[in-house]
Amino acid sequence: MSGPEATPPDEVDPPDEFGQIARLFRPLTRGAPEALELLDDAAVIPSRPGFDLVVTKDALVAGVHFQPDEPPDRIARRLLRANLSDLAAKAAAPFGYFLMTAWPPGFDWSQRQAFAEGLREDGATFDVSLLGGDTVATPGPLTVSMTLLGWVSAGQMIRRAGARPGDLVMVSGPIGDGWLDWGPGAGQLDRRWLAEPYRLPNPRLDLRDLLRSHASAAADISDGLIADAGHVARASGVSMTLDLDRMPISAAAEAWLATQADRAGGLQRLATGGDDYELLLTAPPETATLLGLPVIGEVQAGRGVIARAGGRDLDVGAGGWRHR
């Protein structure tokens, strides 16, 4: 399927709302019957016997979640992938999404087309279709929001509330690259070492079957490893001890650590930076080996998170990102 219609050479101003829906967003439905060709004010989603519908939502604001000069197609793809990461942690298969765009002054037609093209590209990659939404104008910064739907076998969604004392704590991949890609640490790195994990995260949908078979609890790592471990611990009514010396990190993160006077403090910064979009999960020891993922801690009776590195306990504070 081709992307959104190209801008005629003499077209400067965007079409009205209905023209934008027809030209930018209708192609993103990929013919999904539930979307009703975006001609109605609602979508119709039939029930699917034997499955639960999982719903998640994320929003991005220019200057808060991405740089104002970020390419529009990357903004769109990051929005979709951040939502897909939430579904991955629930062991759900993506189905469709609802989109809200608030275009600011100066966000012209070519930029809106590029945004839609990013969604078209990743919609095909992850086999997920637009089902509806809304588009408005705003005097403020570019703001976009997505509600993503997924299916999971009835009663099989992996919750945060399933961790039990004795479980092992694992992560699905390197921690800290999201912060290095976006945060202050990036200025000290050769950016070629990073695969743009913040700007273009890789949702771990590949782990759905393993999670359903073996995990007792899971969360995607968006607020920071320590913070998201805290979310799981709180929901499960348990404590977690994390050994940051066992935390997997990339070559880029290792290079950054080499510039830090305090390695333990550097590990803590990587573990609190957030936006890694890897998964944190727990599983009983007898099944944890079947997951084949790095073990970084254990679940215990109690409350909260203890993080250790370099032979000492760290003052974790909030442990990561918190909205105000």
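Predicted model: local features only at pLDDT ≥ 70, side-chain atom pairs only at ≥ 80, totals over all residues.
Me: What makes up the secondary structure of the protein chain?
Reply: There are 9 helices and 11 strands. Those are DSSP runs numbered from the N terminus, with helices (H or I) needing at least four residues and strands (E) at least two.

Me: Why is the Phe95 and Trp151 pair called tilted?
Reply: Rings of Phe, Tyr and Trp (its six-membered ring) pair if their centres lie within 6.5 Å; planes under 30 degrees apart are stacked, over 60 edge-to-face, and the rest tilted. Phe95 and Trp151 sit 5.8 Å centre to centre with 55° between the planes, hence tilted. Phe95 belongs to strand S2 (residues 93–103) and Trp151 to strand S4 (residues 143–153), so this pair ties together parts 56 residues apart in sequence. The structure holds 4 aromatic pairs.

Me: How do you know whether Trp151 is buried or exposed?
Reply: Buried means under 20% relative accessible area, exposed over 50%, and partly exposed in between (1.4 Å probe, protein chains only). Trp151 comes in at 11%, so buried is the label. Across the 324 residues of the protein chain, 52% count as buried.

Me: And what makes Trp103 and Phe115 an edge-to-face pair?
Reply: Their planes are 85° apart, over the 60 cut-off, and the centres are 5.6 Å apart, so the pair counts as edge-to-face. Trp103 is in strand S2 and Phe115 in helix H3 (residues 109–126), so parts 12 residues apart in sequence get tied together. Both Trp103 and Phe115 are buried. Ring pairs also link Trp103, Phe107 and Phe115 into a cluster.

Me: Why do S1 and S3 count as edge strands?
Reply: The open sheet has 4 strands in the order S1-S4-S2-S3, with mixed pairing. Strand S1 (51–61) and strand S3 (129–137) each have a single partner strand, so one side of each is left without a neighbour in the sheet. From one strand to the next, the twist averages 15°.

Me: How do you know that S2 and S4 pair?
Reply: Two strands pair if DSSP finds at least two bridges between them. S2 and S4 have 9 bridges in the antiparallel sense, so they qualify. Ala93 stands opposite Trp151 in S4.

Me: What about S10 and S11, how many bridges do they have?
Reply: S10 and strand S11 (residues 312–313) have 2 bridges in the antiparallel sense, so they meet the at least two requirement. They form a hairpin with 2 residues between them, and Gly310 in the turn has a positive phi of about 60°. Strand S7 (residues 239–243) runs parallel to S10, joined by 5 bridges.

Me: Why are H1 and H3 called oblique?
Reply: Axes are lines fitted to C-alpha atoms, for helices over the stretch in contact, and angles run from 0 to 180 degrees between N-to-C directions. Under 35 degrees is roughly parallel, over 145 roughly antiparallel, 65 to 115 roughly perpendicular, and the rest oblique. The axes of H1 and H3 come within 10 Å and cross at roughly 45°, so the pair is oblique. The contact (heavy atoms within 4.5 Å) involves Gln20, Arg23 and Leu24 of H1 and Trp109, Arg112, Gln113 and Ala116 of H3.

Me: What makes Arg30 partly exposed?
Reply: Arg30 has 33% relative accessibility, between the 20% and 50% limits, so it's partly exposed. It has a positive phi of about 55° although it is not a glycine. Ala91, at 0%, counts as buried.

Conventions. Residues numbered from 1 in each chain as written. Heavy atoms only, no water.
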